[in-house]
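Biologist: I am new to this structure and would like a guided tour. Could we go through it step by step?

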Amino acid sequence: MNRLTMIFLSLVIAVAVIGYFVGIGDGVPQPDGYYESSLVDAELSRTPADDAKLIPAISYAEIADTPMGPTKSWQTMPQALPDADYDLYTQIEPSEADKEASSKLRASRRAFNGAPPVIPHPVENTTDAACYACHSGGVKMAGMKPSVMSHQFLGNCVQCHAPMAPAPFQDVDADVATNFVGLPAPKQGERAYQGAPPTIPHSQWMRENCNACHGGPNGWAGMESTHPWRTNCTQCHAPSATLDQMPDAELFTPQDVPMLPSLDVVEN
Amino acid sequence: MMDTKRRNFLKSAAMAAAGSMVAGNMSLPVVQADQGVSDLPDGDGLSWNKAPCRFCGTGCHVQVGVEDGRVVAIAGDKAADVNKGLLCVKGYHVGGILYGKDRLTQPLLRKDGRLTEIEWDEAIEIIAKRIFDSPETFAFYGSGQWTIPEGYAAQKFMKGGLSNNHIDPNARLCMASAVTGFLATYGVDEPAGCYQDLDECDVLILWGNNPAEMHPVLFSRVTDRRSRGETVRIIDIGTRRTRTTDAANDYLEMKPHGDVAISLGIMHLLIENDNYDKSFVEKHCNFRGDEADTPTLSGEPISEDEFRKRIAKYTPERVEELSGVPADEIRMLADLFADRDIRITSLWCMGMNQHTMGTAINSLVHGVHLLSGHFGRPGDAPTSLTGQPSACGTVREVGTLSHALPGGRVIANPEHREQCEGFWNVRDGSINEVPGYHTVEMFERFTKPTAEGGDITTMLVQVTNPGQTLPNLNALFNDKKGLEDKFLIVSDVYPTATTALADLILPAAMWVEKNGMFGNSERRTQQWFKMVDPPGEARDDCWMTIAIARKLFEMGHEGMKDKDGDFIFAVKDDDGQEIPIWEFDRYYDTNVDKHLFEEYRLFTRMKHKNLAPYEEYVKARGLRWPVVEQEDGSWRETRFRFSGFDDPFVEEGQEFDFYHSTSNDGRAQIWFHEYQPPPEVPDDEYPMWLCTGRVLEHWHTGTMTRRLAPLNRAMPTAYVEMHLEDAKAANIRQGEVVTIESRRGVCDLPVWIDGRGRPPRGTVFVPFFDESKLINNVTLEAYDPFSKQPDYKKCAVRVVKKSAAKVSS
């Protein structure tokens, strides 16, 4: 009887002890591996000496001799700023090969020069905001470089830019048989003489932001400006009245600009 | 097999395009064709000229870049008030529509079931002979894509020349209910406002309308105001979520026909709360109801008390029951309309027009605006949009409908017939007093054997594709096959579902391959010149009509002579010599468009839709009628019709004047119509609603846009949009091909769950652009009693898994 009581009491005590330790746990499930020894060991083996974030405990007697204030990690240290990923003043030497490659890639996204480029990826019913996230200022990410918007903020991006087929229909044969041949991109603007700033060989409409293609970290290889620090492009590069659809532009060719009559000089 | 290979190539091309965001050397996707054209364009000798876009009724102007006789580039026209230099994805690629490899270039005659190339002379003779032998069983089916001179020539040829009124356009399927709505309300067709309303409204209400895809230039004109810091509240009332909903502040999801209840509910609250515009109603409006046993467009006058009595039952709670829109939202709409300090514009298109209560709902929405006084100030406008470039210009104004005559005249009115005979200088009584067959009836009679009363035996179709767009094709079109004594002549630019059954195919010139004029949704008449030659033997539709008429003239048909014995389309040079415009190589010796337009212009004054001389349109990017000559000889267009501050025909000192009022007292009509349920509602057998419509990338039947690489690649196939839960319940997966079945026919389509549009449970949506997946085999041909426009927006269907469909068949 006594023996049974003893066994019973020992069990009660055992359950109580287990219950106590279970009870003092916070009940929060821990991710697998959290208590794996290597992690725990690493945690336990940290000492104030090799970890600036740990503040060693001191006795009351030591207080007077211990400097108080910012810990080591809070103390200022002379730092070198990281290099900017883009240096405005890097020497740019556009190569013909780069230019050719960029032009081809550009042309591949347009039915003709001046057409809004197609979107080379599917658009899954995302809003305009999703487009702006990558295309407003441009980003470089994982080797990808989304084009920068060359025009002002406009709503309804897909109004003008056709995307690739929606995901469920990507395997549908979308080939079309056409004889359409689009206007090619101009190779360069005109220069009045060697070294003169070239004219702008395309319309400025929807291309108000020259940097989208010609400068900054997002410029197209071969088309980048050699002087991206200059900010007023049309100061030196003349646009075309015809391409910009200026009123009555078609009436005036460069040879036929309306002028005052020549001076009537009497020859003697 | 080859297909798989090509698909893989295309897929890798698309992936290369996606991957090529990494600058580097990549294989290039095929966008720019370079297929054996020897002299590629280089920008030398490029010339630019204006033209309205070929596609929708918005009426954007493009600048067309032409080099070496080919269109090579398109730019938005910055001088155009409609689009201010912007276009949509279709407009930017409109130049490519001329260059599909399968352009029709030679007349083709079906002999023993096979198509054989023939010469034009033979083709014209075959047609003329069939008409000569049986003029009264001939029908001419045209289009809102006819240019104004093309429609006018067809109209004069049929009604003036052949004394045959069986001429109707595809616009019957598109905006006939808008016409009857305007006529019933104002006594004269077409919107009073203009696109400036979009710039000035505080609230934009879209009644079953998705302009973000269908009229994108107009929609971004509104949403871009927000980018500039202005506030516009967009309220989308619809049966499914669309891209327009994404930009809307409020989305009110209604049941089909809910719009009727909603408009009645708003009017009820305005009266109940006594905050309608009493002074506007007192001065400018009457009330109307359709109580007669045979309802007419002018209806019966009713008193304001009677109107109040009838509308009393449309309480917000009752409207909620009928429309599914919560009562509080109805109150919200009524409160907006009660606020006279804000400007409200309503927009609608096919949602309200393709409706068996189309005339009623059009009239009711006008009524909401009139009752609340939201009319006639810039930004306060009930405005219907059109889907075709000249539905307004050619169909509504030239009147190429089976019951109409040019300039707002009708066949039923003897005076109108007499006036037209006078203008045309044809013998008295030339115009048949019995209206012709409207579209649905015309095709019913064409596809029915002659012995069974099918009294249309020869049909000429120009600039449209009824084999794809008619509702219930199995009843209205497909039966033509095998009917020996029926002869279908189709003029088109590419092979279509219609040419598939044609006995004679005529290759047509299109867009800037010919001179033309269009009239857009805001009363703007536009002009362009021919810029390039059509391919092969393709020729102008207007020339075809004139050549057929000339052949009949030569065969001795009396109707082709005017009172003086001259050919009805005679054009004389300065010396009085007739120019043989029926010979195609002489057709451009003169500007036939100009001659026809100047003749047509005389018709437009009766209804105060005055047009300016042709030369004024050459100078302008379109002018909005009425265009009236000023004292200094200049021509002034009109932005706001019936409004004293702008309309030259409003009596001096009047704020508003509805000068074509059906009640002859200068007042507009506020109509009451009882709500009626849709003609076919889902039941146990066919448990789902089917709605059909369009997508941004393709225009109508896709004949043009599906030949443009960037567009077809963006939207390569029609699909059925389904709610996720409906798909789950039927064990249907994304992309799986299912069968849509109705009582009338079937159509197989891939499923797009949570696609571009998101229908609610119990509704599916299918676009109709894909000629390889004809959803109109499934749709219903029930139509509005006044406008005869069919309802493509609602019928009952079931969605069947393919495997299950096979078991049952």
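Predicted model: local features only at pLDDT ≥ 70, side-chain atom pairs only at ≥ 80, totals over all residues.

Biologist: How many residues does helix H22 of chain B have, and how far does it reach?

Modeller: Helix H22 (residues 541-555) of chain B has 15 residues and reaches 21 Å from its first C-alpha to its last. That is close to the 21 Å expected at 1.5 Å a residue, where the expected span is 1.5 Å times one less than the number of residues. Helices (H or I, at least four residues) and strands (E, at least two) are DSSP runs, numbered from the N terminus.

Biologist: Why is H22(B) described as largely enclosed?

Modeller: 13 of the 15 residues of H22(B) are buried, so the helix is largely enclosed by the rest of the structure. A residue is buried if 20 or more other C-beta atoms lie within 10 Å of its own, exposed if 12 or fewer, and partly exposed in between, with C-beta atoms placed from the backbone.

Biologist: Turning to sheets, in what order do the strands of the seven-stranded sheet run?

Modeller: The order in this open sheet of chain B is E5-E4-E19-E18-E17-E6-E7, and the pairing is mixed. Two strands pair if DSSP finds at least two bridges between them. The edges are strand E5 (114-117) and strand E7 (167-169) of chain B, each pairing on one side only.

Biologist: How many bridges join E6 to E17 in chain B?

Modeller: Four bridges join strand E6 (residues 138-142) to strand E17 (residues 458-462) of chain B, and the two run parallel. Within this pair, B:Tyr141 stands opposite B:Val461 in E17(B).

Biologist: What about the three-stranded sheet, and which way does its pairing go?

Modeller: That open sheet of chain B has the order E20-E21-E22, with antiparallel pairing. Strand E20 (516-519) and strand E22 (623-624) of chain B each have a single partner strand, so one side of each is left without a neighbour in the sheet. Two bridges join strand E21 (residues 524-528) of chain B to E22(B), and B:Arg524 stands opposite B:Arg624 in E22(B).

Biologist: And chain A, how many helices and strands does it have?

Modeller: Chain A has six helices and zero strands. Buried residues make up 17% of its 268 residues.

Biologist: How many residues of chain B are in contact with chain A?

Modeller: 72 residues of chain B are in contact with 56 residues of chain A, contact meaning that the C-beta atoms, placed from the backbone, lie within 7 Å. The largest share of the chain B side, eight residues, comes from H1(B). By class, that side divides into 36 nonpolar, 20 polar and 16 charged residues. Here Ala, Val, Leu, Ile, Met, Phe, Trp, Tyr, Cys and Pro count as nonpolar, Asp, Glu, Lys and Arg as charged, and the others, Gly among them, as polar.

Terms used:
Residues numbered from 1 in each chain as written. Chains lettered and ligands numbered in written order. Contact = placed C-beta atoms within 7 Å.
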